Amino acid sequence: MLDIGTPLPSLPLHDTTGQRVTLDDGTPGHAALVYFMRSKNCQICTRHAKDLDRRAAEYQGKGVQVYIAIPEGLDDAVGWKAKHEITVPVVVATVGSAYDTVGLTRKVFGSIQQSGTILVDSNGTIHYALSATMPTGGYDSQAVTNAVDTFSRGH
C-alpha cells in the first residue's frame, strides 16, 4: 500500500457514467477518499461502502469527496451501484489495475484481492492509507473519520 506523505500514482479511473475521474485535481482544500472493495460480491465490503455512502455528506462538508472502487468492469459497477442504492461515485480502472497501482495485490496464491482505503489531497499527496487481505481490515470507520477531521483542520 502507499505510504502517507507520498504522491499518488496516476490512476486512470472512470465513474459509472463513463466520465474520467481525477483524484488530484488541484482544487485547494479538496480531497478524495477512495475505498477499494475486494469484489462487488463481498458482503463485508458492501457494508463498508454503505457506511461510507451514509457519511459522504459529512465528509464532503469537510472538503472530502468519497469514491467506491470495484475491481470488476464498468457494467458490473453500474449494476452494483444501482442494486445497493449507492449515491457516491463508483469508479473502475480503465487501463491496467488501479488496485495494483496503489499496492493492493492478490494474496494467498493470487486468489484473494486485497481491499483498502486511501485519502489523497488535491495535489496528490497521500494523507491516510489502509490495506488488508481480509475484508474486515480494509476499512476502519473511526480511523477514516479521524483522517478526514485531521485533513479538514489542516486545509
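**Entry 1**

I began in helix α1, where R54 and D51 both lie, 3 residues apart, which is about one turn of the helix. I took helices (H or I, at least four residues) and strands (E, at least two) as DSSP runs, numbered from the N terminus. The model I am reading is predicted, so I noted that local features need pLDDT of at least 70, that side-chain atom pairs count only at pLDDT 80 or more, and that totals for chains, interfaces and linings use all residues. Residues are numbered from 1 along each chain as its sequence is written, and side-chain values use heavy atoms, with hydrogens and water left out.

I then looked up how R54 and D51 are joined, and found a salt bridge whose closest N and O atoms are 3.6 Å apart; the term stands for a side-chain nitrogen of Lys or Arg within 4 Å of a carboxyl oxygen of Asp or Glu. Side chains of opposite charge can pair when their charged atoms come close. R54 is exposed at 61% relative accessible area, whereas D51 is buried at 14%, where buried means under 20% relative accessible area, exposed over 50%, and partly exposed in between (1.4 Å probe, protein chains only). I also noted that D51 and R54 belong, together with R55, to a network of salt bridges.

**Entry 1: pairs across the chain**

Another is the salt bridge in which the side chains of K62 and D149 meet, at 2.4 Å from N to O. Here too distant parts of the chain are linked, with K62 in the loop between α1 and β4 (64-69) and D149 in helix α4 (residues 141-154), 87 residues apart. K62 is partly exposed, with a relative accessible area of 28%, but D149 is buried, at 18%.

**Entry 2: cysteines**

Lastly I searched the whole structure for disulfides and found 0, a disulfide being a pair of cysteine sulfur atoms within 2.5 Å. Among the residues I looked up, C42 counts as buried at 8% relative accessibility, and C45 is buried at 0%.
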